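Subject: Two-chain model, handed over with notes

Hello,

Here is the structure you were waiting for. Please open it alongside this note. My findings follow below.

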Amino acid sequence: MHALRRIYRSLRPEGVLLDLHPQPEHAGVEVWLGGRVERLGHVEQEEDIRDILEARARLDLVEGDGWYLTERRRFFDLLSHFPSAEEWLEYQAREGYTGVVSDELLASANRLLAAGGGEFVVREPIRASLLKRLPRPGSDDPRPGFGALPGK
Amino acid sequence: MLAMDMNGEKIERAAESIPASLRPKVSFVVTDIAKVELPPGAYDVAILSHSL
């Protein structure tokens, strides 16, 4: 909530907020090889999904309170490509991500990629929202649309 | 333009990879959006990516 308040205050009255975050779903894991796509399973990310649902509830709350209005929303898949499952695991560790995949999935990926030329692909569903900053009723700021912060 | 992230390594990588023509226009800061002091009414667009 605090971040959304700060952003609200820092935006011009006609400013917009573009928010991109994953859908509260497990990302899919695929191997792309020779024009074929093998869907192997998904990334276990219960903690991430819980965080996403909490973040979405915060966003819904400020929108419900009249700070912002969603003007447009789009959904798309963000594809991350890695030459091997090992490189994806290293990336996960480097970035501090907590999602894991099963040993069986890793073994399948390694078996498919052993011949070379393939890719380990993670498919993450994303929601993008364009939110318009709304004027606050009861503003104590004389500038149009630039009002007092809720809870101030 | 102000770019911020709590992760210093990510900010460092972003600052290194930005095209030279944009460098004078972008400031990079390692901080938490919930703590940073931003000037009121200063920005046209705020972009949150995996940040809320």
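Let me start where the two chains meet. The contact draws on 20 residues of chain A and 16 residues of chain B. On the chain A side, α1 (2–10), β1 and α2 (46–64) each give at least two residues. The largest share comes from β1(A), with 10 residues. By type, the chain A side splits into 11 nonpolar, four polar and five charged residues.

A word on confidence before going on. This is a predicted model. It scores ipTM 0.89 and pTM 0.83. Chain B has a mean pLDDT of 91, and 100% of its residues reach 70 or more. Within chain B, confidence is highest in β3(B), at 95, and lowest in α1(B), at a mean of 92.

**Strands across the interface**

Which strand of chain B pairs with β1 of chain A? The partner is β3(B), residues 43–49, and β1(A) covers residues 11–22. The two strands run parallel and are joined by six bridges. Two pairs are handy for finding your way. L11(A) stands opposite Y43(B). L20(A) stands opposite S49(B).

β1(A) also pairs within its own chain. Seven bridges link it to β5(A), residues 119–133. That pairing is antiparallel. One example is D19(A), which stands opposite S129(A).

**Chain A**

Chain A holds four helices and five strands. From the N terminus, their order is α-β-β-β-α-β-α-α-β. Of its 152 residues, 23% are buried. Take the contacts in chain A between residues at least 6 apart in sequence: 76% of them join residues at least 24 apart.

Start with helix α1(A). Its buried residues are L4(A), R6(A), I7(A), Y8(A) and S10(A). What do they pack against? In chain A, they meet β1, α2 and β5. They also pack against β3 of chain B.

Now the cores. The largest nonpolar core has 13 residues. Six of them touch the most other members: V29(A), V31(A), V43(A), A109(A), F120(A) and V122(A). β2 (28–33), α3 (85–95), α4 (103–113) and β5 of chain A each supply at least two residues of this core. β5(A) gives the most, with three residues.

Setting aside neighbours within four places in sequence, V122(A) is in contact with A27(A), V29(A), V43(A), S80(A) and W88(A).

**Chain B**

Chain B has one helix and three strands. Along the sequence they follow the pattern β-α-β-β. The C-alpha trace spans about 30 × 20 × 15 Å along its principal axes. Of the 52 residues in chain B, 2% are buried.

How do β1(B) and β2(B) run, parallel or antiparallel? They run parallel, joined by four bridges. β1(B) covers residues 2–5 and β2(B) covers residues 27–30. In this pairing, M4(B) has V29(B) as its bridge partner.

One loop residue deserves a mention. D32(B) lies between β2 and β3 of chain B. Is D32(B) buried or exposed? D32(B) has 12 other C-beta atoms within 10 Å, so it is exposed. The cut-off for exposed is 12 or fewer. D32(B) and S49(B) are 17 residues apart along the chain, and their C-alpha atoms are separated by 14 Å.

**To take away**

β1(A) is the element to look at when you open the file. It pairs with β3(B) on one hand and with β5(A) on the other. It also gives the largest share of the chain A side of the contact.

Best wishes

Methods
Residues are numbered from 1 along each chain as its sequence is written. Chains are lettered from A and ligands numbered from 1 in the order in which they are written. This is a predicted model: local features need pLDDT of at least 70, side-chain atom pairs count only at pLDDT 80 or more; totals for chains, interfaces and linings use all residues. A residue is buried if 20 or more other C-beta atoms lie within 10 Å of its own, exposed if 12 or fewer, and partly exposed in between; C-beta atoms are placed from the backbone. Two strands pair if DSSP finds at least two bridges between them. Two residues are in contact if their C-beta atoms, placed from the backbone, lie within 7 Å. Ala, Val, Leu, Ile, Met, Phe, Trp, Tyr, Cys and Pro count as nonpolar, Asp, Glu, Lys and Arg as charged, and the others, Gly among them, as polar. A nonpolar core is a set of buried Ala, Val, Leu, Ile, Met, Phe, Trp, Tyr and Cys residues joined through C-beta atoms within 7 Å. pLDDT is the predictor's confidence in each residue, from 0 to 100.
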